[in-house]
Every structure is written in structure tokens, then in C-alpha cells.
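Thanks for making time this morning.

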Amino acid sequence: MSFLTLQNISKRYGQVAAVEDFNLSVEKGEFVSFLGPSGCGKTTTLQMIAGFEEPTTGAIHIDGSDMTHVAPNARDIGIVFQSYALFPHMTVTENVGFGLEMRGINKPERDQRVTETLELVRLAEFADRYPKALSGGQRQRVALARAIVIKPQLLLLDEPLSALDAKIRESMQVELRNIQHTVGVTTILVTHDQAEAMAMSDRIAVMNMGRMAQLGEPFEIYENPGDSFTSNFLGTTNLFPGKVIAVKGEEVSVDCSGTEVRVQGKSQTGAELSVAIRPEKIGLVEPGSGFFDARVRTRIFLGTSWAYQMDSDLGAFNVTLQNTGHLVAGEGEMVGISWQADAVRLLGAG
Amino acid sequence: MKTWLPPYLLNGPALLIFVVMLVVPMVMTLILSFNSFDFYGGIQEDYGWHNYLEVVKDSYFHEIFARTYGIAIAVTLICIIIGAPEAYILSRMSKTWRSLCLLAILGPLLISVIVRTLGWALLIGNNGVINEVLLGVGIIETPLKMMFTTGGIVVALVHVLVPFMVLSVWTTLQKLDPQVESAALSLGASHFTTLRRVVLPQVMPGVLAGSLIVFALTASAFATPSILGGRRLKVVATTAYDEYLNTLNWPLGAAIAVILLIANVVVVMSYNRYVERKYAAVFD
Amino acid sequence: MRRYDKNGPLAMGFNLIFLVFILAPLVVVCLVAFTDKGYLSLPRDGLSLRWFVAILDHPEFIDAFWYSIYLAIGSATLAVMLAVPAAIATARYRFPGRGLVMAFFMSPLMVPHVVLGVAFLSYLSRLGWAGTYLGLVACHIILIMPYALRLVLASVTGMDRSAEAAARSLGATRWVTFRRVTVPLILPGVTGGWVLAFITSFDELTMTIFIASPSSTTLPVRMYQHITETIDPLIASVSAVIIFITMVMMIILDRIFGLDKLLVGK
């Protein structure tokens, strides 16, 4: 049996379902992210694991024991809150030591463990400060130290980096991941930031409208999104709606607004679906030598890459080209569009 | 135009009326408090500490000051004990109920003290509603004496002033991060420990600010002690009133007023010092 | 995430008792006002409006009511007219003595009303203004200025000044900018300050009792004088009318500003 299991979890407020039929198994030491837009039920799910909300139906097991109705202060879970929720009237040391004190651990051992943990998060010299006198990143690390010092069975991170500047956020992602590896604690991260989820997690559970849309390793779900929601929420995707006109073994021919596109996959003739391709997988070739031609509407230089908006018979779409140091097609020019055969996916209509 | 001129011009009218209507009268009252009073000749143009000495020496005034500050301490403590929990309960209510309860609790602040005190006179009078009900049910045989007692004054003043305590604590609670309570629970603290170790220390500034308002207003309360205390249970404010409008000994009345003012200012100042020293490092 | 009430039965019980304590005296006043008896009593044998009708036979209450209204309108309006420029000066300029000026304007809050009454009485009688409308207005301005200033200042401080810059960049003169942008933006705070000042002036007893004369008696003073002589159903019915008027104003205020915000001054 897995370390953490959520079985058929649902949470309803009156008629409104916040979470519906949610199933998940997490292995010991694993780092799993709940990723989705606001209102998708990811925070509610976290609240149920933490014990601040009770599931309407379903069961939660941690390390084999049923935790569904156990009070939050008896669950042995470390939580890093979105607002950090530091105790403003306590010093850093007192904040971090609070959980140990609640466990009745004596002062010498408490001090030692607090010191060790503060060193781990590189805050040793701030031990006697009040939270008010710390920067956002430092507060974030105090919150992390306070959650891991109790050596919890499970670590929950609720949008822990959302209040930080972009630069600090990226370095904290790496640091958080390293600390999680060092401590080895099973971790659940809730986030709406797909880059953060991909950078940090072993597996991602994409959530939408209270349900799990897809579960898998970051690379796997980025490359093989199960539906148009996932493919658009992780990165961006061009979707061309069309109708299947022929199926030959593993090759499907789709009619997209009069242009025939061949895709590897399974379907049946007459099915209405979408052809999906990511902007960075499209190549530009000489007009007439690609699958079809398109006109460059806008071209934006982003440093490491070029971002194009194209107009074509199939509709508007985006292309991202790596900056190789050479000038590329300019606005108003006609270009040919091509891609590798395995870069294209078939997604249900939508 | 000089850059420093506009702010003084803008403040000018208000400053003028404050000097003419506040500073001058206060200084005149201070001077008056050093004059002496002759029952036949009226106010004498001499200066001395005799009015202050009279207040300091006479046990009649000792009793009045002791009663006033005794009532103030009692009212403040009761307001803390019932007002702070009420504010906490309000903060945990659903939104609709909370706005209704807040309206009911804060609304009376806008109703004249005289009306609220009249309510208590109707409740606790010898022929009042409480006695009427208790006699009617048969719990007591003779009316309870509550009117013209210190206890009656305390209860009515708590009623008049407890909204300030609720308001003060409630404002502090609103600034609290609700996740902080969750954090304490997740770290293994019980609900009681969370309340004592995490919530209470954070609302202390609100409790102290509320206490200050309640204490200062109780110490200088006039209408409630006057109506519910009658002629005999005098407090500082009603004594000053009597000296002015009944005995007509204005200099003595002025001295009592000056002492009351100084006591108030000292309490407020030392409170601010204390709070600044204690909380400057912790809260914004 | 607070969709529900987190209080247990004990807390709900406490809340109920607290509300009863707060509301009981006001409810009792209203009940007694409806008595059909000639003496103080709960209306057990039926409701009667006789004591409300009786107010009409006591012009001293009606006159005092109107005097209170005129006094409160006059002093609240003048206080706000003084508070707006003072608030603008404090919010927008750094000048020597800025904090001191502010503390000065707030200082009446620290002075017990009885002390103000004592001071104003000897001052006004020396000036020969005792019992005059203007004298009372001047004293009330001092008393209510802190309330008016606090709300006006909060709205001036909280105002987005880039809106003024935008108006200027679009070609508006200083005066037009003030009239078309600044005034509408601070109007809620100014209105709130005026209303709070009005109510404070209208309710004031302790200071006014020193400086009011028989021809310039406010309603609270008149009621106090009546109560010290006799407590009868008439004074209850007058009080009930005040409670009713205040309740209507309160609900309006709560809708517009939020009562807790108005009273805290945020």
C-alpha cells in the first residue's frame, strides 16, 4: 500500500462540488504537485489532507492508518502556508521551536534541532529576529523550517512561492527541491504555476473543475496531454479543429479547414477532433515546401527565442523559434510550415 | 509662494479656532483653579495651592476619587473579560450573522448615553422591570436595591463602554492572518493552546487600546453615575459639576477638573510609552 | 474559506447573552414607551400611543430637539469645513510641526467632557457668549473636530493622487482638478466625517449641560433635567423616538460605509 492514499475523495458545499471523486496514491519520499487554475479544488484537497476540511465522502490514509476524521493537530503534518502564517509575536527560533514544544520535546534537544534546521535553510544568523524584520524569501524559509523541524510524515506546500519576486522564486524552487531531497519527506505542492510544478515535482496531478484531469511525470504529461485543458495549461498549444477523413493503420488523415494533416494515432473516419502541436515544435521552411503556407502577422524578439503569430487557411497559430544568431522571416513574409511526424497529437473535440 | 506657506494657510482657520476656543479656556481654567472662593464675595483674585490642598487632604474627596477609579478599574476589567471573547466569537461567525451582530453591538454607540442610562434606570429601579419580573415570579419578596448602588453604575457603564472594547479587539483580529491559527494546529497545538499562545498575544495591543478608551471614559463619566448614583454616590465628574452649578465654587471645581485631566493624560501617555516599548519590534 | 460559522454551542450561548445585555435596556425603553398606564410599567394590558401623543403637549422637548438639530448641523458643517483643508495640509505637505498640529487637533479626545464644560462655562460667561447659539457652536466644533478630521484625513490619505496627475495631464486646471477629481474622491470620507460629527454633537450631554441656558437647551440636556426630577413614561417615549431615528440613520450609515469602519476611522 502506498504511503498516502486518497480514495474517492469528494467535498461538497451544499450543491456545489469543490472536489469530485479524487483518487491518488503517493509513495514515500515522493514529491507530487496539484496543478490547476484557481477554483479547481486543489487547495480544498490539500485542506482535507491537512484536516482543516472533512471530505464529504471518501477516505484518506497515511502510512496505513485512516486519517479521514483525525483532527489537524494530531496528524503530524508540516504545512507551509501561502501567507507563511508565521507567528508575528515570536522570534524565528520561537516560531521554529513551537511544533517541537507542542510535542513535549525538552529545551536542549529543541534548541539543537532548531539550530540544525535553521542552518539547513541558511537562516542561522537570523534566529533572534522577529518575522517583521525579515524579507519575503527569509520568511518563506522560516515557514519551511518550522514545517520540517518536526520531522513530519508529510509536508504540504500551499502556493509557497507565490508571494515572492520572479528571481527569488526560481532560486527558491531549486532550494526547496534540494531540501526536500535531503530530508526525504513525502511532499505535496499546490500551485497554479505550471513552470513551478514541472521544475519541482516527481509527478504532477493536473486538476480542473474539482476533478483530476491527468496524473503523471512532468515530461510525460507535457508531451502527451490527455485533453485540450491539460495541453493548454501546461505550456501553450496550437489547436486545429478538424474531421477525420481516412484512417490507415496508425496514421490518421484529418481535414482541417480544407488542408489535410497527417497525424500518428488512433481514431475513426468521421470523428470530430483537434490536431494539437506546440509552438516550439513547428519549423519554418521555404514557401510551398511545407505542409501548408502561412503569413507572418507579428514577430517578437524575446532574447533566447522568437515568438511568431501566423495567419493561415487553418486559422491563426503561434510559433516559437530558438534564436540561433541568424535573422529569420520577417513580418508580412510567406513561409512554409513543417514539423516532425511525432510532434503532433490528436485531442478530443474542443 | 514659499513651499512652507500652503500647509500653514490650510491649517490656519482650524488652528485659530483651536487656540481661541481650546487653549485660552484651558489656561484660564488652570489660572482659575489657583484662585480662592468666598461664599459671600465670590471668586477672589489671589493665587495659591489651597484648592489642590483641599482635594488632597479632605477625606470627602479621597472617597470620591477612590470610588471613581475603583469603578473605572472594575468596568475596564469586566469589559476585557466579556468584550474580548465576544470580538473573537464575532470574528469566527459567518458573514451575515456577523454584520447583524456588529450592528447590534456598535449601533448603541450612536445612541445618546442619556437614553442608554435611562434604560438601566428602568431595568434596575425599585419599581423597575427586573424587580417587577422577580417579584412576579416569586423569587424575591421585597424589591432588590440596585438603583443608587455602585454595582448598578458599574453594570450600566460596562453596557455603555463595552462596544469600544469589542470594536478595538475586533479591529486587531481582522488584521490577523487566519492561516496562523491553522499553522499552530498543524504543528500539534490544541485549540486552547492556539488561543492562549498564538491568538491572545496577537490581540493584546487591541485589548490594551480598548482598555485605555474604556478606562479614560469611565473615569470621566458624568451622565450614568449622576442618574444611577443619585446625590450620595458622587464621582469626580459629578463633583466638579456640583461645585460649578450648585455650590458655585468655581475655583475648587476647576481644580478638580484639572486633576481629572492630568490623571487622564498621565494614563494615556504612560500607556503609549508602554505599548511602544513592548510592541515596536513585533508589530507594524 | 470561511463559509460557515466556526463557533461551538458555548460560544453561541455567550454571544446570545451578550446581545441580550446590549439590547435589553434599549428594548425596555421602547416597551415602556408603549405603556397604556399613567405610570412606569411594561405594556402588559395592551399597547398605547398615549405617551407619544403626550410629547406634543411638551413643547420644551420639541424645541430642544430642533435646537439640537440646528446646533449639530451648524457645528458639523463648520468642523468639516475646517477639517478638509487641515487634512489636505497634513496628508500632502511635510512641514515643521506637522505631527504636533495633528496631535493638537486630536487632543479634545483626551480631555474629559466635564473638563471642557468647566473651561467653556467660565470662558463664555466672561465673553458674554454663554447660552448663545454661536457660543455653543464654537464649543461643539472643538469637541467634534477629531471625529470629522479622522475620517476626512483617512480619505485624503487613501486617495490615489495619480488620478489628479491624470486630470492635470489631460488639460484640467488646478481648480477644475480639485472640483472634478479630488472632491468626488474624498466625498465619502467627508460625508462620513460630517455624519459622525453630527451624531456626536447631537448626543453630547456632559459638556453642553455647563454652557446651555434655558433658551438654548439641547435635547439631551432637557432629558437629563427631566430625569433628575422624575422618570416617567414620557421620557421613555422621547427616548424611543431618538432610538428609532438613530436606528434609521445607523442602517443607512452601515449600508454606505460599514459601521465598524466609520467608528474606527479606517
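In chain A, 5 residues of domain 1 are in contact with 8 residues of domain 2, where contact means that the C-beta atoms of two residues, placed from the backbone, lie within 7 Å. The side of domain 1 of chain A that touches domain 2 of chain A divides into no nonpolar, 4 polar and 1 charged residues; here Ala, Val, Leu, Ile, Met, Phe, Trp, Tyr, Cys and Pro count as nonpolar, Asp, Glu, Lys and Arg as charged, and the others, Gly among them, as polar. The domain assignment puts domain 1 of chain A at 4-232 and domain 2 of chain A at 236-348, with bounds that come from an automatic or database assignment. Between the centres of these two domains of chain A, taken over C-alpha atoms, there are 39 Å.

Before going further, please keep in mind that this is a predicted model, in which local features need pLDDT of at least 70 and side-chain atom pairs count only at pLDDT 80 or more, while totals for chains, interfaces and linings use all residues. Residues are numbered from 1 along each chain as its sequence is written, and chains are lettered from A and ligands numbered from 1 in the order in which they are written.

Why can helix α2 of chain A, residues 92-102, be described as largely enclosed by the rest of the structure? The reason is that 8 of its 11 residues are buried, a residue being buried if 20 or more other C-beta atoms lie within 10 Å of its own, exposed if 12 or fewer, and partly exposed in between, with C-beta atoms placed from the backbone. Among those buried residues of α2(A) are A:Val92, A:Val96, A:Phe98 and A:Leu100, and their cover includes α3 and α4 of chain A. Just after α2(A) comes A:Gly104, which takes a positive phi of about 70 degrees.

Helix α5 of chain A, residues 166-183, has 18 residues and reaches 26 Å from its first C-alpha to its last, close to the 26 Å expected at 1.5 Å a residue, where the expected span is 1.5 Å times one less than the number of residues. The buried residues in α5(A) are A:Met172, A:Gln173, A:Leu176, A:Ile179 and A:Gln180. An α-helix has 3.6 residues a turn, so residues three or four places apart point the same way. What covers the buried residues of α5(A) includes β3 (31-35), α3 (107-120), α4 (136-148), β8 (186-191) and α6 (194-200) of chain A. A:Gly184 follows α5(A) and has a positive phi, near 75 degrees.

As for strands, two of them pair if DSSP finds at least two bridges between them. An open sheet of 4 strands in chain A has the order β2-β1-β4-β5, with antiparallel pairing, and its edge strands, β2 (16-26) and β5 (65-66) of chain A, each pair on one side only. Elsewhere, strand β19 of chain A, residues 334-338, has A:Val335 and A:Ile337 on its covered face and A:Met334, A:Gly336 and A:Ser338 on its uncovered one. β19(A) is joined by 4 bridges to strand β16 of chain A, residues 292-301, and these two run antiparallel; in β19(A), A:Gly336 is the bridge partner of A:Asp293.

Now to chain B, which has 12 helices and 2 strands. Its radius of gyration, 24 Å, is well over the 19 Å that the globule rule gives for 284 residues, so chain B is more spread out than a compact globule; the radius is taken over C-alpha atoms, and the rule is 2.2 Å times the number of residues to the power 0.38. Of the 284 residues of chain B, 49% count as buried. One of the buried residues is B:Val214, with 27 other C-beta atoms within 10 Å, and B:Val214 is found in helix α9 of chain B, residues 191-219.

Finally, how many residues of chain B are in contact with chain C? There are 72, and they meet 70 residues of chain C. α1(B) gives the most to this side of chain B, with 18 residues, and by class the side has 57 nonpolar, 12 polar and 3 charged residues.
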